[in-house]
Amino acid sequence: TPSLWPVNGHITGSFGERLDPFNGEGEFHTGVDISGDYGTPVHATADGVVSVAEMRPGYGRLVVVDHGFGVSTWYGHLSSFHTQAGMRIKRGDIVGYVGVSGRVTGPHVHYEVRINGAPVNPWRYLRYRSTTTTAEATGAD
């Protein structure tokens, strides 16, 4: 289950209905935007297999990680990739770097959690900062 912040930063765009920053019209935002300095590492939020590492309209450079059981996470607007499709990754591994690719107003990562292909609010999955160790996250010594 995803439980890590992909990048340490502030949420600058929330999940749900909002005004499109480019045309001012209403739209549904399928994830959260987390600010970060350009080039900051973006971490996988759970173990999985990279199913997509490519350019996509709107998302720019996009990495999608399949975590099994219908759960996937999406990381958009990356400046560059640090993985490729088919790679098995662990929670905390770097998948790419904060960027401004796609439709953006500044450097950030667009982060989505999808269940059976449908976007869900990722806020409840943002439990631990990406610099938190597994021992800190579980309370182990």
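Asn-116 sits in the loop that runs between E11 and strand E12 (118–120), where strands (E, at least two residues) are DSSP runs numbered from the N terminus. The model is a predicted one, in which local features need pLDDT of at least 70, side-chain atom pairs count only at pLDDT 80 or more, and totals for chains, interfaces and linings use all residues. Residues are numbered from 1 along each chain as its sequence is written, and side-chain values use heavy atoms, with hydrogens and water left out.

Most residues other than glycine have a negative phi. Asn-116, however, has a positive phi, near 50 degrees. With 5% relative accessibility, His-77 counts as buried.

His-77 leads on to the largest pocket, as it is among the residues nearest the pocket centre, together with Arg-18, His-29, Asp-33 and Arg-103. A pocket here is an open set of points on a 1 Å grid over the protein atoms alone, where a 1.4 Å probe fits, with protein on both sides within 12 Å along at least five of seven lines; lining residues have an atom within 4 Å of a point. The largest pocket holds about 380 Å³ of space, a volume being the space filled by probe spheres set on the points, which are joined across faces, edges and corners. Its lining comprises 22 residues.

Note on methods
Buried means under 20% relative accessible area, exposed over 50%, partly exposed in between (1.4 Å probe, protein chains only). Helices (H or I, at least four residues) and strands (E, at least two) are DSSP runs, numbered from the N terminus.
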